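Please have the sequence and the structure open while I talk.

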Amino acid sequence: STTASERDLRFMRCFLIGRQRYEKSVPSQRIPTFAGTDHMATTSSAKLPHLEGLRGLSAFWVVVAHLYVMFRLPEVLPVAGPEDGLLGRLLGEFGKLPKDGHLPVFVFWFLSALVISLRIHRPEEPDPVTYIRLAALKRYFRLTLPLAAASLLSFILMKADAYDHHWLAMQPDLTAHPEWLTRWFNFEPSWWNFFKVTFADVYLIQNSNYDFPLWTISPELFGPLMVFAVYLLFHRILRRHTIYLIILSSLFIGALSVDAYSHYFMFLAGYLYAYVYHSPDTIRLRAILNSALLAWAGLLLTFVIPLLITIPTALDTFLRFPLRAITLTLAVTNTGWLKRALSVRPLSILGAISFSLYLIHIPILFSLGIHLARIWVQPGLLHPVALCGILVVLLFASSYFFYRLIDGPSQLFAGRFALRTLGATAARPNQNH
């Protein structure tokens, strides 16, 4: 008989061998640098580059939504009223998408769960339990280190009184400005508050942060941990799919009254899709059914149903965000030409820097962006669309350097920390004998 520590060491050895074989079988993605090319760390989505591309476009979508509201960009399609008919109102709904910053966030969450869960459920994964241990150990550091750097940037800008969003909110053409233009950054920053908020409160207290897009970061930490717990608790149970459906239904019911439940609904939905995707019982069914057609039909229904019938506000919100994000992701990832389009090199790079772009775009827009608007756009020297183009280029360049200097090294540190911690934990009992 073997001891628990010997089993842990064997699991660890098996996992590392499997990981090395996997990384050799998958060409590592590359990202250009001024010195040539540099290998990125192979991620769990390396075999699914279209997911990285979709993640990058989602981050860019959030930036566009904030630019739309901040600088009152022209409407893509006019807002339609009831007299314009179903088609006109449907086109009006599509026209609202560029300034809808919530929908891509739900896509983020679903993608996070999907990438993690596909890795857990794939048949060639040598040891899902060890993978879960490593992923759980590194999750906090992987998120917190770049988050702390972005929050420090915001902290310094606040100390320097460089945020000028109140001027933007007082402009006559922004009479219907959203609350976040004036509600945020209305406090005196302090070092104690910075450390408290950045390393703890941002995960535990809603809307407690130095960079308001970070309201999404708590589900990014606890959502994957919930997925890991669900797998570890139920993956050996024969009828686990029944338990999964019960948990998913409970989250759905809770989401109708508490928004936070809808956030975690996305993670469990991503987990269940990965489970179904790798299930032998559904492989034949997926071969018969047209998954892309079903997903596109489901996506269309999320737009049409609110236009045809009156539904409760909570159900309408659930339809517009969680269900629309899920069907959009599945429609894109099951359509061959879209998968190929999302797998191109520029979108792969955008996917790599997507977290960096998400973290630093508000500090840059609220400082440099608004300053340029005051000196260029207000006197009529530059059109708002042209300014937004300049800011997008600056954001991409800044995000690239943020990734190279902070986010990428943070991922490596988190991975090494998890490997060493798990290895030390497994080896420690042996040292006592």
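This is a predicted model: local features need pLDDT of at least 70, side-chain atom pairs count only at pLDDT 80 or more; totals for chains, interfaces and linings use all residues.

Let me begin at F199, which has a relative accessibility of 34% and therefore counts as partly exposed, where buried means under 20% relative accessible area, exposed means over 50%, and partly exposed is what lies in between, with a 1.4 Å probe and protein chains only. Residues are numbered from 1 along each chain as its sequence is written, and side-chain values use heavy atoms, with hydrogens and water left out.

What, then, lies about one helical turn from F199 in helix α8? That residue is F195, 4 residues apart from F199 in α8, which spans residues 191-204; helices here are DSSP runs of H or I with at least four residues, numbered from the N terminus. F195 is partly exposed too, at 43% relative accessibility. The ring centres of F195 and F199 are 6.0 Å apart and the planes lie at 10 degrees, so this pair is stacked. For the terms, rings of Phe, Tyr and Trp (its six-membered ring) pair if their centres lie within 6.5 Å, and planes under 30 degrees apart count as stacked, over 60 as edge-to-face and the rest as tilted.

The structure holds 27 aromatic pairs. Another of them joins F194 and F195, whose centres are 5.3 Å apart with planes at 75 degrees, so that pair is edge-to-face. F194 itself is buried, with a relative accessible area of 4%. These residues belong to one aromatic cluster, formed by F155, W191, F194, F195, F199 and Y210.

Turning to helix packing, α13 (residues 291-308) and α14 (residues 313-333) have axes 8 Å apart at an angle of about 160 degrees, the axes being lines fitted to C-alpha atoms over the stretch in contact, with angles from 0 to 180 degrees between N-to-C directions. That makes α13 roughly antiparallel to α14; angles under 35 degrees count as roughly parallel, over 145 as roughly antiparallel, 65 to 115 as roughly perpendicular and the rest as oblique. Among the residues in contact are F303 of α13 and R324 of α14, contact meaning heavy atoms within 4.5 Å. The charged end of R324 sits over the ring of F303, 3.7 Å from its centre, which requires NZ of Lys or CZ of Arg within 6 Å of the ring centre and within 35 degrees of the ring normal.

A second pair is α2 (residues 49-71) with α4 (residues 102-121), whose axes come within 9 Å and cross at roughly 160 degrees, and these two are therefore roughly antiparallel as well. From α2, the residues that meet α4 include L51, W61 and V62.

In the loop between α2 and α3 we find L73, which counts as buried at 16% relative accessibility. The C-alpha atoms of L73 and H383 are separated by 9.7 Å, although the two residues are 310 residues apart along the chain.

Finally, helix α16 (residues 345-352) has 6 of its 8 residues buried, so it is largely enclosed by the rest of the structure.
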